[in-house]
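Student: Before we discuss this model, could you show it to me, and then take me through what lies behind the terms used to describe it?

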Amino acid sequence: MNTEVIHVYFMPGMAANPKIFENIELPSDKFESHWLEWEIPFKNESLTNYAKRLSKKVTHDNVVLLGVSFGGILVQEMQKYVHARKVIIVSTVKTKYELPKRLKFAKYIKVYKLIPARAFKDLDFLARFALGKRATKRVELYKKYLSVNDAHYMRWSIQQIVCWNVKTPLKDVIHIHGDKDLVFPYYHIKNCITVKGGTHIMILNRYKWFNEHLPKLILSENKL
């Protein structure tokens with residue numbers, strides 16, 4: 001009988017701490033969960049180098065990488081340096097073509113250079129940036145999970161998102177997306193598992209969906 005425990009590494013979204021996964025419960029006889037945290041990037045560090053550096057925090061083999069939002073972009077880069085059996089991304093994008101027009105435009109005006117440093121100390125600003133201006137009801141919920149307000153990290157993160165240049169989706173990546181996501185609108189997203197009514201923070205307020213479906217998705221046959 002196979003008693004292998006599968007190690008699942010969780011990467012939170014931009015500026016968020018791993019407590020966003022506090023309600024995710026996987027059967028302990030089959031899975032062991034590990035929370036990854038953001039580190040401050042080096043000056044002029046590429047996303048590739050950052051992913052390589054953070055992948056050293058993954059200390060097991062044949063793991064599952066699960067990332068939310070910008071964390072979803074990061075784990076797609078990390079899989080180049082980690083032996084991953086599965087990559088699961090939530091509320092994010094697989095290629096530059098799934099980015100909304102406002103973020104594509106932000107690339108050309110270099111918006112990450114225009115935001116004053118003091119703005120990154122403002123939790124309201126961070127929450128609205130992460131969730132979109134119209135997500136007023138969810139800002140208070142999300143603010144408690146924001147812990148990285150370093151201006152260099154924030155500018156770097158925004159730059160990496162808007163300048164991400166991947167054109168071809170990662171083979172066999174499992175993409176879970178809500179049809180009410182305001183940050184990465186659903187109509188731009190291709191080939192995903194749709195969560196009806198799911199918003200950009202559905203990892204928080206739809207955790208029961210993930211607790212029910214993640215074990216089956218992880219144990220399904222398709223592998224990278």
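Tutor: Let us begin with the elements: helices (H or I, at least four residues) and strands (E, at least two) are DSSP runs, numbered from the N terminus. This is a predicted model, in which local features need pLDDT of at least 70 and side-chain atom pairs count only at pLDDT 80 or more, while totals for chains, interfaces and linings use all residues. Residues are numbered from 1 along each chain as its sequence is written, and side-chain values use heavy atoms, with hydrogens and water left out.

Student: Where is Asn191 found, and what makes Asn191 count as exposed?

Tutor: Asn191 is found in the loop between β5 and β6 (193–195). Exposed means over 50% relative accessible area, buried under 20%, and partly exposed in between (1.4 Å probe, protein chains only); the relative accessible area of Asn191 is 74%, so Asn191 is exposed.

Student: Why is Ser91 called buried?

Tutor: Ser91 has a relative accessibility of 1%, and therefore counts as buried against the limit of under 20%. Ser91 has its place in the loop between β4 and α3 (101–109).

Student: What is the phi of Ser91, and what is that of Asn191?

Tutor: Most residues other than glycine have a negative phi. Ser91, however, has a positive phi near 55°, and Asn191 has a positive phi near 50°.

Student: How do you know that strand β4 is mostly covered?

Tutor: Seven of the seven residues of β4 (residues 84–90) are buried.

Student: What makes β3 and β4 a pair?

Tutor: Two strands pair if DSSP finds at least two bridges between them; β3 (residues 63–68) and β4 have six bridges, in the parallel sense, and so meet that condition. Within this pairing, Val63 stands opposite Ala84 in β4. Strand β5 (residues 174–178) also pairs with β4 in the parallel sense, over three bridges, and there Val90 stands opposite Ile176 in β5.

Student: Why is the lining of the second largest cavity said to have no charged residues?

Tutor: A cavity is a set of points on a 1 Å grid over the protein atoms alone where a 1.4 Å probe fits but cannot get out, and lining residues have an atom within 4 Å of a point. Asp, Glu, Lys and Arg count as charged, Ala, Val, Leu, Ile, Met, Phe, Trp, Tyr, Cys and Pro as nonpolar, and the others, Gly among them, as polar. The lining comprises Gly13, Ile20, Val68, Ser69, Tyr142, His200, Ile201, Ile203 and Leu204, which by class gives six nonpolar, three polar and no charged residues.

Key
On a 1 Å grid over the protein atoms alone, a cavity is a set of points where a 1.4 Å probe fits but cannot get out, and a pocket is an open set with protein on both sides within 12 Å along at least five of seven lines; lining residues have an atom within 4 Å of a point.
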